[in-house]
Amino acid sequence: MKINRFMIAAPKSGSGKTMITCALLQLLKDSGKNVLSYKCGPDYIDPMFHKKVLGVPSKNLDTFFTDEKTTVQLFLDERADGDFAVLEGVMGLYDGLGGIYEQGSSYHLAKVTQTPIILVVDAKGMGKSVLALIAGFLQYDTQHLIKGVLLNRMSKGYYDIIKPLIEKELSVKVVGYFPEQKDIGLSSRHLGLVMPDELSDIKKQLNETADRLKKTIDMDLFIDIAEAADEIGDSGSADVYNEKNIGNCDQNEFSQNKAINTVNIAVAMDEAFCFYYEDNLRLLEKCGAKLQYFSPLHDTELPDNCDALLLGGGYPELYAKELSENISMRKSIKTAFEAGLPTVAECGGFMYLHTYIHNQNCVFDMAGVLDGWCHFKGKLVRFGYIELEEKHSNFLPSDEKIRAHEFHYYDSTDNGADCIATKPATGRSYDCVISHDNYWLGFPHLYYLSNPHFAESFVRKAYEYRRNKNGKLL
């Protein structure tokens, strides 16, 4: 398949990748390209900017979560010849698992998808030393994927001096520069960027950024680099949701006749709960679920006839007062949970199920499903990739694991002890997650395609709940 593509990567976080990526997506969209984007790694917020602000299809790709073949399949899923893809890197180009392994790095994803790299270098405060930095990154590039360099936060005067020097000494194209922008920028908070819905003028800012970037880069060179990317995969390689990858979903009792047997999973989706991997949701649908989106902030109760509940991550701490005041929703969720409604809650959703959240010297009542409370620690409690194994088989077959990521500044008085989390880079392990017959609750964000049995089990539990509740198969 011929997908025109490049990756925007950098030597380190904070180099301007997201702003540059958004501006390039806008420019490509304005030029009439059928543009789409991917975010390397487990970041939820950057894809929201791509989708909500720019209207560009976007999802995550992560070579720790999925093997190389599956990663390529996910990249090609629902794509067509001639599409134009922009991949946004994570952290520094070579920063992977544990900070030292290639797996999970932007470079590994570029290598697996055979994607040319544009290296965005924050050159503020640098002179000729920028050549040494670029040279080092080129030396580490064993696959010769770095095809261009963009110099961020550099003046035009110095750019005119340094550009020919870089191209002569390092034999790499300089695709442009971008002066420091003191009047525009994307704000951040403890889990990453501020959410796009919180910024009233974000669309205007990104349009302004795109207009300015257009004047200082060689857009034709970007397009040439993208169009020179090799073909990838073949016409039969993009069916990532086939039987082999998702186990027996299509053969399970509950999905034989989806018109009759489809189960309804209520999915929390609003300002407070919006951290979901697109491929997780699609896998639930493939396993026979219909997703019913609702808002714990604005709705008064769970959707009618829901057979399971999925509470994703987000920022419940920012909306603790509003969530607390929505008493009818809190009661609806607690009543349903106590009646056996199958429930999966991750991170922010897990926090919401507690008795209360202690937030900036205030206490806010939450759903009360779990005894205990959550509180802000002022620093990262857990961060990074993990593999999870249940102590007693419930959502996963015995001796199988699912991969996940943690990133939270809040902690719970009871993080659970039904799973063992293992850090793959160090082998360190610890207990976490509250998991029993019908629920899985904890801080880790799961990636279902790393073990599709989890999604199958969740949908099966929803089916069994529905059958038991109605006394017959509907």
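Predicted model: local features only at pLDDT ≥ 70, side-chain atom pairs only at ≥ 80, totals over all residues.
**Entry 1: α5 and α6**

I began with helix α5, residues 129-140, and helix α6, residues 156-170. I found that they pack at an angle of about 35°, and that their axes lie 11 Å apart. The crossing of α5 past α6 is right-handed. Next I looked up who touches whom: α5 brings V130, L131, I134, A135 and L138, and α6 answers with I162, L165, I166, E169 and L170.

**Entry 2: α1 and α8**

How do the axes of helix α1 (residues 17-30) and helix α8 (residues 219-227) cross? I noted a crossing at roughly 90°, with the axes coming within 12 Å. Angles of 65 to 115 degrees count as roughly perpendicular, so α1 is roughly perpendicular to α8. On the α1 side I listed L24, L27 and L28; on the α8 side, M219, F222 and I223. My tally for this contact is 6 nonpolar residues, with no polar and no charged ones.

**Entry 3: strand β13**

I then turned to β13, residues 308-311. Which way do its side chains point? A308 and L310 point one way, L309 and L311 the other, and all of them are buried.

For its neighbours, I found β13 paired in the parallel sense with strand β10 (residues 263-268) over 3 bridges. Strand β15 (residues 343-346) also pairs with β13 in the parallel sense, over 3 bridges.

Methods
Residues numbered from 1 in each chain as written. Heavy atoms only, no water. Axes fitted to C-alpha atoms, helices over the stretch in contact; angles between N-to-C directions. Helix = DSSP H or I, 4+ residues; strand = E, 2+ residues; numbered from the N terminus. Left-handed = near helix turned anticlockwise from the far one by under 90°. Contact = heavy atoms within 4.5 Å. Parallel < 35°, antiparallel > 145°, perpendicular 65-115°, else oblique. Nonpolar A, V, L, I, M, F, W, Y, C, P; charged D, E, K, R; others polar. Buried < 20%, exposed > 50% of the residue type's maximum accessible area, 1.4 Å probe, protein only. Pairing = 2+ DSSP bridges.
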